[in-house]
Amino acid sequence: MKSASVIKFRMSLDAPLNEPSCRPKGTDWPDFCRQKHPEQAWHLLNEAYASGGGTIEPFGEWWPKLADDPEFDPKLCFVAIDRETGRLIGFAQCWTSWFVKDIAVAAPWRKMGLGTALLRAAFREFKSRGAHFVDLKVEASNPSGAVSFYRRLGMTAVT
């Protein structure tokens with residue numbers, strides 16, 4: 001099976017992060033809760049990757065691997081909730097190695113600034129921990145527009 005072409009993006013954190021939070025109206029941003037959010041996050045990732053751009057294992061494999069990984073830190077999981085429905089609508093999970101592992105936004109909430117707000121929250125947290133950069137990888141053929149989204153945020157492709 002041929003592997004997908006992957007682009008590694010980097011965001012420098014050396015400059016001041018002066019961007020406002022820009023959290024979309026109607027959203028709440030609780031701390032990640034191990035008892036409440038994992039299965040909702042898994043469903044959202046499945047929804048986001050359904051048309052391509054990534055894959056996710058069955059929940060019974062995904063969550064134990066994630067939670068037991070030495071780079072897992074629940075403070076590096078960012079969740080956004082639809083205030084009206086209580087549904088998880090945005091999720092970003094990062095590793096302690098200054099890497100964004102997964103990010104997903106529910107379809108009705110796309111192009112409203114939620115993905116930007118999730119990544120900026122991650123960038124601020126990493127910078128507070130002393131990081132000079134944050135990396136992520138994306139399939140070059142990702143159908144969601146992720147490649148152009150990361151570029152608009154100021155991320156640059158690195159080798």
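Reader: Which side chain does the side chain of Thr27 join in a polar contact of 3.0 Å?

Author: That would be Trp29: the side chains of Thr27 and Trp29 are joined by a polar contact of 3.0 Å. Bear in mind that this is a predicted model.

Reader: OK, and what about a backbone oxygen, which one lies 2.6 Å from a polar atom of the Thr27 side chain?

Author: The backbone oxygen of Pro24. The side chain of Thr27 therefore has a polar atom 2.6 Å from Pro24, and Thr27 itself is buried.

Reader: How do you get to buried or exposed for Thr27?

Author: Its relative accessible area is 6%. Buried means under 20%, so Thr27 counts as buried.

Reader: Which residues is Thr27 in contact with, leaving aside neighbours within four places in sequence?

Author: Ile81, Arg83, Ile89 and Trp109.

Reader: And where's Thr27 placed?

Author: In strand β2, which covers residues 27–28.

Reader: Let's go to the sheet. What's the strand order?

Author: There are 7 strands in an open sheet, running β2-β3-β4-β5-β6-β1-β7, with mixed pairing. The edge strands are β2 and β7 (156–158), and each of them pairs on one side only.

Reader: How many bridges does β1 have with β6, and how many with β7?

Author: With β6, β1 pairs in the antiparallel sense over 7 bridges. With β7, β1 is joined by 3 bridges, and those two strands also run antiparallel.

Reader: Which residues of β1 are on the covered face, and which on the uncovered one?

Author: Strand β1 spans residues 6–12, and Ile7, Phe9 and Met11 make up its covered face. Val6, Lys8, Arg10 and Ser12 are on the uncovered face.

Reader: And β4 with β5, parallel or antiparallel?

Author: Antiparallel, over 6 bridges, with β4 covering residues 88–95. Ala92 has Ile103 in β5 as its bridge partner.

Reader: How does the lining of the largest pocket divide into nonpolar, polar and charged?

Author: 22 nonpolar, 12 polar and 11 charged.

Reader: What about the second largest pocket, how much space lies in there?

Author: About 210 Å³. Among the residues lining the second largest pocket are Arg23, Trp29, Pro30, Asp31, Phe32 and Glu125. Trp29 is the residue whose side chain has the polar contact with Thr27.

Reader: Which element gives the most to the lining of the second largest pocket?

Author: β3, with 5 residues. The elements giving two or more residues to that lining are β3 (72–82) and α3.

Reader: And how many polar residues are in the lining of the second largest pocket?

Author: None: by class there are 8 nonpolar and 4 charged residues, with no polar ones.

Key. Residues numbered from 1 in each chain as written. Predicted model: local features only at pLDDT ≥ 70, side-chain atom pairs only at ≥ 80, totals over all residues. Heavy atoms only, no water. Nonpolar A, V, L, I, M, F, W, Y, C, P; charged D, E, K, R; others polar. 1 Å grid on protein atoms, 1.4 Å probe; cavity = no way out; pocket = protein on both sides within 12 Å on 5 of 7 lines; lining within 4 Å. Points joined across faces, edges and corners; volume = space filled by probe spheres on them. Helix = DSSP H or I, 4+ residues; strand = E, 2+ residues; numbered from the N terminus. Buried < 20%, exposed > 50% of the residue type's maximum accessible area, 1.4 Å probe, protein only. Polar contact = N/O pair within 3.5 Å; in protein donor to acceptor, adjacent residues only side chain to side chain. Contact = heavy atoms within 4.5 Å. Pairing = 2+ DSSP bridges.
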